[in-house]
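The sequence and structure come next.

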Amino acid sequence: MDKVLATDSARELINKLVGKHGPVLFHQSGGCCDGSSPMCYPKGDFMIGDSDVLLGEIGGAPFYMNKKQYEYWKHTQLIIDVVPGRGGMFSLEGPEGVRFLTRSKVFPK
C-alpha cells in the first residue's frame, strides 16, 4: 500500500506548479512556523538530508518526511489534498489562493 497519495485536485495543482516553476518536491512540515502542512518547493531549493525519508511520489514529485516525525506516522497513509486558503508561507502554492492539506488514515492490520 502506498504511503502517500494525492487527490485529483492535488495532482492538478502540482502540474500547474511544475508548469510555472519546473520540477518540485514535497516535505511534510513538522509543525513549526507552517504548522503540519505538506510544503512544496522547487526541486533543489530544499536540501534533503540523511534525516529525511522518501515516502513516495505524488504527481511525479518526491514526497519526504523527517525520520523522527515518520516514526509517529509510519502506520498511516497520507492523502494530500487541496483546500481554499493560505498555506505555508514558503510553499509554492501560496499565491494560488489554495493550500495543500494532509489527510490521513491508519493502515489496516
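## Basis of the model

Helices (H or I, at least four residues) and strands (E, at least two) are DSSP runs, numbered from the N terminus. The model is predicted: local features need pLDDT of at least 70, side-chain atom pairs count only at pLDDT 80 or more, and totals for chains, interfaces and linings use all residues. Residues are numbered from 1 along each chain as its sequence is written, and side-chain values use heavy atoms, with hydrogens and water left out.

Rolling a probe the size of a water molecule over the atoms shows where empty space is left. Here a cavity is a set of points, on a 1 Å grid over the protein atoms alone, where a 1.4 Å probe fits but cannot get out; lining residues have an atom within 4 Å of a point. Grid points are joined across faces, edges and corners, and a volume is the space filled by probe spheres set on the points.

Searching the whole structure gives one cavity of 30 Å³ or more. The largest cavity holds about 30 Å³ of space. Its lining consists of Lys 3, Leu 55, Met 65, Tyr 70, Trp 73, Lys 74, Thr 76 and Leu 78. Two or more of the lining residues come from each of α2 (67-73) and β6 (76-84). By class, the lining has five nonpolar, one polar and two charged residues, where Ala, Val, Leu, Ile, Met, Phe, Trp, Tyr, Cys and Pro count as nonpolar, Asp, Glu, Lys and Arg as charged, and the others, Gly among them, as polar.

## Lys 74 at the cavity

Lys 74, one of the lining residues, sits in the loop between α2 and β6. Its relative accessible area of 31% makes Lys 74 partly exposed; buried means under 20%, exposed over 50%, and partly exposed in between (1.4 Å probe, protein chains only).

Apart from neighbours within four places in sequence, Lys 74 is in contact (heavy atoms within 4.5 Å) with Lys 3 and Phe 107. Lys 3 is 71 residues away in sequence, yet the C-alpha atoms of Lys 74 and Lys 3 are 8.2 Å apart.

## Helix α1

Helix α1 covers residues 8-21, and its 14 residues should span 20 Å at 1.5 Å a residue; the end C-alpha atoms are 20 Å apart, which agrees. The expected span is 1.5 Å times one less than the number of residues. Just after α1, Gly 22 has a positive phi of about 85 degrees.

Which residues of α1 are buried? They are Ala 10, Leu 13, Ile 14 and Leu 17. These residues lie on the same side of α1 because they cover an arc of only 105 degrees around the axis, the arc being that of the directions from the helix axis to the C-beta atoms. The buried residues of α1 pack against β1 (4-6), β2 (24-28), β3 (38-42), β4 (52-58), β6 and β7 (98-106). Asp 8, Glu 12, Asn 15 and Gly 19 are exposed on the other side of α1.

Val 18 also belongs to α1 and is partly exposed, at 32% relative accessible area. Beyond four places in sequence, Val 18 is in contact with Pro 23 and Val 24.

## Two loop residues

Gly 30 lies in the loop between β2 and β3 and counts as exposed, at 67% relative accessibility. Its C-alpha atom is 22 Å from that of Pro 95, 65 residues apart along the chain.

Ser 51 lies in the loop between β3 and β4 and counts as partly exposed, at 40% relative accessibility. Leaving aside neighbours within four places in sequence, Ser 51 is in contact with Met 65, Asn 66 and Lys 67. Among these, Met 65 also lines the largest cavity. From Ser 51 to Gln 69, 18 residues apart in sequence, the C-alpha separation is 9.9 Å.

Key: 1 Å grid on protein atoms, 1.4 Å probe; cavity = no way out; pocket = protein on both sides within 12 Å on 5 of 7 lines; lining within 4 Å.
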